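Dear colleague,

I am passing on the structure below, followed by an account of what was found in it. Please read the notes beside the model itself.

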Amino acid sequence: MAKSTIRMLWGLAKCQELSLTDEELHLIVSAHTGKDSIKQLDQRELGIVIGVLGNMKSSASKNGRSNRQTRGNTGTVNQRKKVYKLTETLGWDKPARVNGLCKKMFGVDCVEWLNYQQCSKLIEALKSMAERKEKQDADGSERDNQSNG
């Protein structure tokens with residue numbers, strides 16, 4: 001049963017409306033399950049990812065985008081990589097955390113659904129958070145050094 005479900009997942013990812021690259025699919029899987037490999041997913045997680053892809057497909061077809069226009073926005077792919085790198089810096093190990101921030105900032109449930117401008121704003125917000133965290137960490141280590149020395 002798992003093989004047919006994995007086939008369905010790939011079929012949805014490669015459908016005309018989405019035309020996701022392998023890397024984009026793995027980013028979506030990672031964002032919603034926290035796992036890097038599709039083979040590691042259990043049935044529940046496969047169902048979650050298939051549901052997300054189904055929603056993306058129906059959203060894409062409702063917007064009336066043609067296949068040539070939806071081959072993937074390289075701008076948002078690169079931006080999402082930056083978003084995930086920044087979340088690692090912040091120590092956010094659960095994708096739900098950054099998705100929650102997207103929901104709060106833009107009313108969008110998932111990083112993958114952000115447009116170029118929204119991704120830019122999210123990256124700037126995450127950069128600011130990372131800078132604050134870095135400064136707090138530096139201040140904390142200075143205090144520790146002063147109390148020890």
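Ser 19 counts as buried because its relative accessibility is 12%, where buried means under 20% relative accessible area, exposed over 50% and partly exposed in between, with a 1.4 Å probe and protein chains only. Ser 19 sits in the loop between helix H1 (2-14) and H2, and its phi is near 45°, a positive value in a residue other than glycine.

Before going further, please note that this is a predicted model, in which local features need pLDDT of at least 70 and side-chain atom pairs count only at pLDDT 80 or more, while totals for chains, interfaces and linings use all residues. Residues are numbered from 1 along each chain as its sequence is written, and side-chain values use heavy atoms, with hydrogens and water left out.

Overall, the protein chain has 6 helices and 0 strands, helices being DSSP runs of H or I with at least four residues, strands runs of E with at least two, and both numbered from the N terminus. Of the 149 residues in the protein chain, 36% are buried. Among its contacts (heavy atoms within 4.5 Å) with a separation of 6 or more, 62% are accounted for by residues 24 or more positions apart.

For H2, the 12 residues should span 16 Å at 1.5 Å a residue, and the end C-alpha atoms are 16 Å apart, which agrees; the expected span is 1.5 Å times one less than the number of residues. The buried residues of H2 are Glu 24, Leu 25, Leu 27, Ile 28, Val 29, Ala 31 and Thr 33. Just after H2, Gly 34 takes a positive phi of about 80°.

Leaving aside its neighbours within four places in sequence, Leu 126 is in contact with Val 83, Leu 86, Thr 87, Leu 90, Trp 92 and Leu 101.

Met 129, placed in helix H6, is partly exposed, with a relative accessible area of 24%. With neighbours within four places in sequence left aside, Met 129 is in contact with Leu 90, Trp 92 and Leu 101. Met 129 and Leu 90 are 39 residues apart in sequence and 7.6 Å apart in space, C-alpha to C-alpha.

Finally, the second largest pocket has a volume of about 290 Å³. Of the 15 residues that line this pocket, the closest to its centre are Ser 30, Tyr 84, Thr 87, Glu 88 and Trp 92. On a 1 Å grid over the protein atoms alone, a pocket is an open set of points where a 1.4 Å probe fits, with protein on both sides within 12 Å along at least five of seven lines, and lining residues have an atom within 4 Å of a point; grid points are joined across faces, edges and corners, and the volume is the space filled by probe spheres set on the points. H4 gives the most to the lining of the second largest pocket, with 5 residues.

With best regards
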